[in-house]
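I opened my notebook to look up a few local features and the ligand site. My entries follow the structure.

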Amino acid sequence: MSQPESAGTSSAADCLAGGGEMGALMRSMDWSKTPIGAVECWSPALRMMVRLLLANRFPLLLWWGPRYCQLYNDPYRPVLGDKHPAAMGQPAKECFPEIWAIIGPLIDTPFCGGSATWMDDLQLEYIRYDRLEEAHFTVAYSPVPDDTLPSGIGGVLATVHEITEQIVGERRVAALRDLGARSAEAKTAEEACTIAAETLSQQSNDVPFALLYLMDGDRKHARLAGTAGIAKGQPESQPEIDVDAEISREQPWPLAEAFRTEEMQIVEDLQGKLANVPPGPWSDRPRSAVVFPIPSNIAHQVAGLLVLGISSRLRFDDHYRDFFELVRSQVATAIANARAYEEERKRAEALAEVDRAKTAFFSNVSHEFRTPLTLMLGPLEDMLASADFSFGRRAEELKVVHRNAQRLLKLVNTLLDFSRIEAGRTQASYQPMDLAAFTAELASVFRSAIESAGLRLSVDCPTLDEPVYVDPQMWEKIVLNLLSNAFKFTFQGEIAVSLRQAGESAELSVRDTGTGIPENALPHLFDSFYRVEGAQGRTFEGSGIGLSLVKQLIDLHGGSLRAESVYGSGSCFIVSIPLGRAHVLPEHLGKTPAQLSVTRAARAYVEEPLQWLRAAEERERSGEGEKDELVSLSPTLRVSPSRILVADDNADMRLYLYRLLSKSYEVRAVSNGQAALEAAREDPPDLVLADIMMPRLDGFDLLRALRADPLTRTIPVILLSARTGEESSVEGLQAGADDYLIKPFSAGELLARVGARLEIARLKRESIELEHFLRTAAEDAKAELARKNTELRAERNALQRELASRTDDISQLTRELIDSRKDFISTNELATELNAVTRLHELSTKLLNPTELQPLLEEVLNATIALQTADFGCVQLYNPSSRALEIVAHRGLRED
Ligand code: ADP
């Protein structure tokens, strides 16, 4: 140490001026007891450095002299923890014995003339507040020159920035990210636990060990599903825990408590309890751990339990606790997702199984249908071709059979194609084709149908530069399906087919000016069995397979299909097929050269639309305008027959029903529900026979409308449906139908049901009429009775009036009699007479009641005898029927 300078006293005091708390501490210290000696003896370099250090707001520590005596400023103080204040003036080795092996060489290098030290992240196990802590620092150790020394270096300045929080925080974020990302791969709950445990084992700084338990189905046992840092099969990692058992001290972890309380449990003092708890990356074992219940998707249902060790080098502060909470929720999410995935997979497998079964069924059943249909169609065509069946009613009937058998065959074929594609059993057989010519040829198949319907067909298919590889039969189905749809939904204007090259593809467009498709239906158009609700086409018939089949056929070609439509204005379907051969595997190249001809199957596509047209013409011929929906045909019966209204949109079915019923009834047939309703209101029939699936107004709506109108409310309705099953008929009957018939039905069954319904209706009608008659008669009788009563009442009143006047006469007479006799009779006798007269008067004023008549007569007699002082007397009444006077009361006379 150099000699004190003479002028140094003031400058020595100056160097310790200010500097906050540390400045004050330094000033208060006796530096002569430290290795760097009294302040007065400090070299100018040291003083300058101390001044600089105290004035700086960055954490700075100066190691001075060969023993690295320490001087530091206020910002550095927290780094030292409870090593302060002893650290001030203390040799570094004494202050940091636990890390001296690491930092000693780092200080020595610059002190001994080496380069300055710089470390981004210096990790230290560092004693602070009585315990070893994990701490991270960014440090720069720089030599401090001192010209007064032979080595030229007086000490080392440490510029220190503690980054523990940042490093630990980043590490935890990375751990959580890893946990989330990796456990998303889990397909089962067990796998989720294994992956979580593996991920946590990489995070031993924060999670020295972990145990993951999953609850069993019985919810009484937890099974070990993953461990990190502890091997399985240790006393600390029991494979199965009975969470239902009494909480026992034997259990290494409070799993049962966590399960029951659904709350985190902290286990302290692990070192004493568990010999096998691993230390993690540090030299001593964790002191504590936590046990978490892992929540499930169901409230209060624990999915499992999680044990996490707490690092012996970190405080279990709020950040640490939050980290563990996040680990727990990541594990919970991984388990829940895996379980959801498992369930989804099981459901998908079950659905796929049903789908496979359905496809196999479609496929088998379609095959089964084709044989009998072919056997029916062959002979039918022969019969139609033979002279015997060329004309007349039988020929017409046969044509209906033929047409419908063909339709059935087309449906079966479509179903078969569909199920084959679904099962992945369809393979295109590609052939290089002049696609323009082939498409034009296919479009021309529809020309007559389209033009007969008063529409224009525009075909614009210029020859393409190169042949296009397609499966001709599939292409035929694609074009014809789209054309058939366009025809079905277009009533005026044009259908335009065009094919041209668009980039690397051939693009077919089928555009119509028809009804268009509602915007909300467009995204579902190519779904299997999807049909636009309430769509108004030439027919209501359809299966919703057509476009889905077209889409799948196009997919097989590596192409695409899209639909554009403006509701009310028209639709356009655009098919794009790649040019070239890139989408064709050599083994899928067709063996036979392509034939540019339309197949027999194509005829079925056109036959159907022609049939819709024929039906419309038939209606036209009946010449009744919009009402010409009606095929009104007169009966062949003499006595007024029952009248039946038939509603069915299928022309053949309508004709069949008409023919069947018109033998016995007067039949009117219409092609939709609305027409049926109008016809029924205009002229209510005796019975309505209606199909359920009809355009404009379906069978159920028709039924509702009929029941709502008082005019048509009582008309019996029989619904016809192709939907089989008890539910459908229950639905029909619940809707208020009188009966429900499922297609196909036999002629006998139909006639029997119609007959029975008409008979029931007739009986009902008759009983209503009888009831009406009886009610009228009863009402007449009641009126007569009332009239008689009034008469009687009038007569009685007259009688009473008469009686009253007679009584007045008697009173007068009595008074006269008394006056005339008062000289001859005693007062007593007079009193008796007066009494008798009064009684007579009273009696005469009483209303006569038949039950009172006899006693009254007796009294009259008694009163009269008393009045006359007679010995005997009698009362006689005139009997009008015997026309004689009869004695009704007597006194003093003999009985005979
Ligand atoms: P469907 O056998 O019912 O015709 P599709 O799969 O061929 O089945 O068609 C599905 C639905 O798409 C049809 O029910 C119809 O409503 C609608 N649709 C298809 N093509 C057209 C079109 N060109 N114009 C209007 N609607 C159409």
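**Entry: Asp269.** I looked up Asp269 and found that it counts as exposed because its relative accessibility is 52%. The scale I used calls a residue buried under 20% relative accessible area, exposed over 50%, and partly exposed in between (1.4 Å probe, protein chains only). Asp269 sits in the loop between strand 9 (265-267) and helix 10 (270-273). Helices (H or I, at least four residues) and strands (E, at least two) are DSSP runs, numbered from the N terminus. Asp269 is not a glycine, yet its phi is positive, about 50 degrees. I noted that most residues other than glycine have a negative phi, and most peptide bonds are trans.

**Entry: the model.** This is a predicted model, in which local features need pLDDT of at least 70, side-chain atom pairs count only at pLDDT 80 or more, and totals for chains, interfaces and linings use all residues. Residues are numbered from 1 along each chain as its sequence is written, and side-chain values use heavy atoms, with hydrogens and water left out.

**Entry: Arg219.** I checked Arg219 next. Its phi is also positive, near 60 degrees, in a residue other than glycine. Arg219 lies in the loop between strand 6 (210-215) and strand 7 (221-228). Arg219 counts as partly exposed because its relative accessibility is 26%.

**Entry: a cis bond.** Which two residues does a cis peptide bond join? They are His84 and Pro85, with omega about 5 degrees. I placed Pro85 in the loop between helix 4 (77-80) and helix 5 (92-95).

**Entry: the ligand.** Which residues come nearest to the ligand? Of the 21 around it, they are Asn485, Asp512, Arg531, Ser543 and Leu547. Here, near means that one heavy atom of the residue lies within 4 Å. I then looked up polar contacts (pairs of N or O atoms within 3.5 Å). A polar side-chain atom of Arg531 is 2.9 Å from a ligand oxygen. A polar backbone atom of Gly546 is 3.4 Å from an oxygen atom of the ligand. A polar side-chain atom of Ser571 is 3.4 Å from a ligand nitrogen. On its own, the ligand has 530 Å² of accessible area, and the protein covers 96% of that. These areas come from the Shrake-Rupley method with a 1.4 Å probe.

**Entry: the shell.** Helix 15 (472-488), helix 16 (546-556) and strand 18 (570-578) each give two or more residues to the shell around the ligand. Helix 15 gives the most, with 3 residues.

Notes:
A polar contact is a pair of N or O atoms within 3.5 Å; within protein, one must be able to donate a hydrogen and the other to accept it, and residues adjacent in sequence count only if both atoms are side-chain atoms.
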